[in-house]
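Please keep the sequence and the three-dimensional view at hand while reading.

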Amino acid sequence: MGSDFYHQSILPYAGIIIKICRAYTHNHADFEDYYQEVCLQIWRSRANFNEQAKWSTWVYKVALNVCLTHLKQHKRGERRFASDALSELEFDEVKAFDSDEINQLYNAIKHLSEIDRAVILLYLEEKSYAEIAEIIGASSNSIGVRVSRIKERINKIIHQTG
């Protein structure tokens, strides 16, 4: 993967990629594997970007698809990763998750279905309902209702475990 491509096309979206990967993993080693695989798949499939959506929307779709695919493979006992260590810059992003409140939120998010995790992560990234709908393949009308229900479930989970 070229350094220029990484710095221009992936690094600006590292925050959401990290959040998505963290929501679908349970330990740091798996997180690193998922993150590296997402970056690799973005690079490998960059020629498939057809500019019908924004680059950021496409990156989110790739990240979600990679995480969901690998989560299913992991559940079946398969492991297929092209893993390397995270760079120092990316690791600083991960350290931002050291707060108890953030960990409590992520633990609650991990109790949600795979799609609901994606919806709430994109909502937390302040994506519009239309963008969220495009990324996950739903109608934008249903996203507002879904977000409200997800928030209620997260609050219940946090109050039950907190």
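**From a buried aspartate to the helices around it**

Aspartate 116 counts as buried, at 5% relative accessibility. The model in which this value was computed is a predicted one.

With which residue does aspartate 116 form a salt bridge? The partner is arginine 146, and the closest N and O atoms of the pair are 2.7 Å apart. Because aspartate 116 belongs to helix 7 and arginine 146 to helix 9, the pair ties together parts that are 30 residues apart in sequence. Arginine 146 counts as partly exposed, at 29% relative accessibility. In general, side chains of opposite charge can pair when their charged atoms come close.

Which residues of helix 9 are buried? They are Ile143, Gly144, Val147, Ile150, Ile154, Ile157 and Ile158. Viewed down the axis of helix 9, these buried residues fall within an arc of 150°, so they line one face of the helix. The buried residues of helix 9 pack against helix 6 (100-109), helix 7 (114-124) and helix 8 (129-136). On the other side of helix 9, the residues Asn141, Arg149, Lys156, His159 and Gln160 are exposed.

The discussion now returns to charged pairs. The count of salt bridges in the model comes to four. One of them joins lysine 19 to glutamate 125, with the closest N and O atoms 2.6 Å apart. This pair links distant parts of the chain, for lysine 19 is in helix 2 (residues 14-23) and glutamate 125 is in the loop between helix 7 and helix 8, 106 residues apart. Lysine 19 is partly exposed, with a relative accessible area of 27%, and glutamate 125 is likewise partly exposed, with a value of 23%.

A further salt bridge is formed where the side chains of lysine 54 and glutamate 131 meet, at 2.9 Å from N to O. Lysine 54 lies in the loop between helix 3 (28-44) and helix 4 (55-75), and glutamate 131 in helix 8, so the pair ties together parts that are 77 residues apart in sequence. Glutamate 131 is buried, with a relative accessible area of 14%.

In the loop between helix 3 and helix 4 is glutamate 51, which has a positive phi of about 60° although it is not a glycine. Is glutamate 51 buried or exposed? At 66% relative accessibility, glutamate 51 counts as exposed. In the loop between helix 7 and helix 8 is glutamate 126, whose phi is near 65°, a positive value in a residue other than glycine. Glutamate 126 counts as exposed, at 73% relative accessibility.

Methods
Residues numbered from 1 in each chain as written. Predicted model: local features only at pLDDT ≥ 70, side-chain atom pairs only at ≥ 80, totals over all residues. Heavy atoms only, no water. Buried < 20%, exposed > 50% of the residue type's maximum accessible area, 1.4 Å probe, protein only. Helix = DSSP H or I, 4+ residues; strand = E, 2+ residues; numbered from the N terminus. Arc of directions from axis to C-beta. Contact = heavy atoms within 4.5 Å.
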